[in-house]
Amino acid sequence: MESRKKERAIMTFIDMLGIKHPIIQAPMAGVTTPQFVAAAAEAGVLGSVGAGYLSAEETRDFIREVKKLTGNPFAVNLFIPENNEMNQEQLDQAYLALQPIGRKLGMSSWKAHLSESDFDRQVDVIIEEDVPICSFTFGIPNQKTIQKLKNAGVLLIGTATTKEEAIAVEKAGVDAVVAQGSEAGGHRGSFIGEEHVPLAVLLPSIIEAVTIPVIAAGGIANKEQLNHQLLRGAEAVQIGTALLATEESGAHPLYKQAVLEAAENSTVLTKAFSGKSARGIRNEFIDIMVGIPIAPYPYQNDLTKKIRSEAAALGRPEFMSLWAGESVHESACGTVKEIIKKFI
Ligand SMILES: Cc1cc2nc3c(=O)[nH]c(=O)nc-3n(C[C@H](O)[C@H](O)[C@H](O)COP(=O)(O)O)c2cc1C
């Protein structure tokens with residue numbers, strides 16, 4: 001591990017990541033499978049495990065599955081736990097507001113299991129399994145955790161949606177930062193207020209403000225856009241939506257279909273599914289939830305979990321979360337290798 005740290009001091013960012021091409025397969029919790037991550041790693045880009053919703057032991061099993069499929073490096077992505085204030089009345093109201101949607105799916109009532117973060121034990125698993133890179137979103141780990149990971153030689157990548165967040169990420173001693181533009185699919189990584197800055201504005205402002213490598217993310221759907229971001233000073237790009245409909249993706253078949261059929265301007269930002277802003281394909285669930293009480297993250301996510309799984313089981317995409325970025329209309333099917341090849 002000591003030698004890993006020394007080697008990094010004289011390397012380019014891509015060399016530091018141990019990859020051939022300046023591309024990171026976006027971590028996508030609930031979508032990434034071991035086959036998906038390994039296929040990305042085998043294609044010469046950085047595969048990333050979306051471990052945000054996993055327990056520590058599930059994270060370990062996932063890592064071991066990826067290792068069976070590839071000897072190339074990959075990252076594990078974690079969600080920084082949040083302690084948002086919530087009272088029982090708020091939770092009851094949000095639960096009540098979801099009842100009409102539940103009835104549309106034939107659910108009379110359901111029990112919402114409140115999830116607990118396994119973050120600290122996941123960090124230990126990353127170190128024990130000798131994973132070389134850890135990325136995270138929704139905040140910055142505390143100094144104790146950062147030092148623990150760095151002492152183990154793990155390279156750290158944070159996420160920022162504003163210049164202020166990028167400065168905070170660098171100040172905490174993190175090695176690189178993802179500039180997540182408002183075009184990006186999935187949850188916003190915001191942790192200081194909430195702003196939706198497009199990548200064209202965000203990337204230069206972050207590059208100017210920090211000295212660590214900056215990774216561009218949000219709406220990058222083809223080789224020209226990738227090259228454009230590199231020319232503007234990004235060290236690499238992070239791509240999610242373009243890989244959603246691949247064979248190795250764990251997205252539900254109807255989710256993949258919705259991605260492949262999506263037209264331009266079909267995505268919106270919504271808090272309806274989780275209590276946190278996220279971009280996805282607009283559907284009936286999002287429309288019904290406008291103006292309706294929503295519990296703060298992660299409680300809303302726990303409340304809607306059963307609805308989303310029931311909708312998936314019944315084949316009702318109008319009530320599923322179809323996370324996707326603004327360039328979703330450019331997504332195509334194929335293998336991870338085939339799609340990545342188009343970017344190189
Ligand atoms: C389905 C989906 C799930 C995502 N899950 C995560 C996640 O678990 N962790 C994370 O850091 N980012 C996550 N993201 C955001 C990506 O890291 C990245 O910012 C985004 O995919 C880039 O924009 P694009 O989708 O337009 O390529 C997710 C994105 C999508 C589309």
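**Chatting through a predicted model**

Trainee: Which order do the three strands of the open sheet have?

Mentor: The order is S7-S11-S10, and the pairing is antiparallel. Two strands pair here if DSSP finds at least two bridges between them. Strands (E, at least two residues) and helices (H or I, at least four) are DSSP runs, numbered from the N terminus.

Trainee: And which strands stand at the edges?

Mentor: Strand S7 (186-187) and strand S10 (267-270); each has a single partner strand, so one side of each is left without a neighbour in the sheet. In general, strands of a sheet pair through backbone hydrogen bonds, either parallel or antiparallel.

Trainee: Over how many bridges do S10 and S11 pair?

Mentor: Four, with S11 covering residues 278-281. Thr270, for instance, has Ala278 in S11 as its bridge partner.

Trainee: Before we go on, what kind of model is this?

Mentor: A predicted one: local features need pLDDT of at least 70 and side-chain atom pairs count only at pLDDT 80 or more, while totals for chains, interfaces and linings use all residues. Residues are numbered from 1 along each chain as its sequence is written.

Trainee: OK, the whole chain then. How many helices and strands are there?

Mentor: The protein chain has 15 helices and eleven strands. Its radius of gyration, taken over C-alpha atoms, is 19 Å, close to the 20 Å that the globule rule (2.2 Å times the number of residues to the power 0.38) gives for 344 residues, so the chain is as compact as a globular protein of that length.

Trainee: What share of the residues is buried?

Mentor: Buried residues make up 49% of the 344. A residue is buried if 20 or more other C-beta atoms lie within 10 Å of its own, exposed if 12 or fewer, and partly exposed in between, with C-beta atoms placed from the backbone.

Trainee: Switching to H15: which residues of that helix are buried?

Mentor: In H15 (residues 336-343), those are Val336, Ile339, Ile340 and Phe343. Seen down the axis of H15, the buried residues fall within an arc of 95 degrees (using the directions from the helix axis to the C-beta atoms), so they line one face of the helix.

Trainee: What do they pack against?

Mentor: Strand S1 (23-25), helix H3 (34-42) and helix H11 (223-231). Contact means that the C-beta atoms of two residues, placed from the backbone, lie within 7 Å.

Trainee: Now the ligand. Which residues come nearest?

Mentor: Of the 28 residues around the ligand, Ala29, Gly185, Gly186, Gly240 and Gly325 come nearest. "Near" here means that the C-beta atom, placed from the backbone, lies within 6 Å of the molecule. The shell divides into twelve nonpolar residues, 15 polar and one charged. Ala, Val, Leu, Ile, Met, Phe, Trp, Tyr, Cys and Pro count as nonpolar, Asp, Glu, Lys and Arg as charged, and the others, Gly among them, as polar.

Trainee: Last topic, Asn84. Is Asn84 buried or exposed?

Mentor: Asn84 counts as exposed because it has 11 C-beta neighbours inside 10 Å. Its place is in the loop between strand S3 (74-79) and helix H5 (88-97). Leaving out residues up to four places away in sequence, Asn84 touches Pro296 and Tyr297.

Trainee: And what about the peptide bond from Tyr297 to Pro298?

Mentor: That bond is cis, with omega near 0 degrees. Pro298 lies in the loop between helix H13 (284-288) and helix H14 (299-314).

Trainee: Which phi does Asp130 have?

Mentor: A positive one of about 55 degrees, although Asp130 is not a glycine. Most residues other than glycine have a negative phi, and most peptide bonds are trans.
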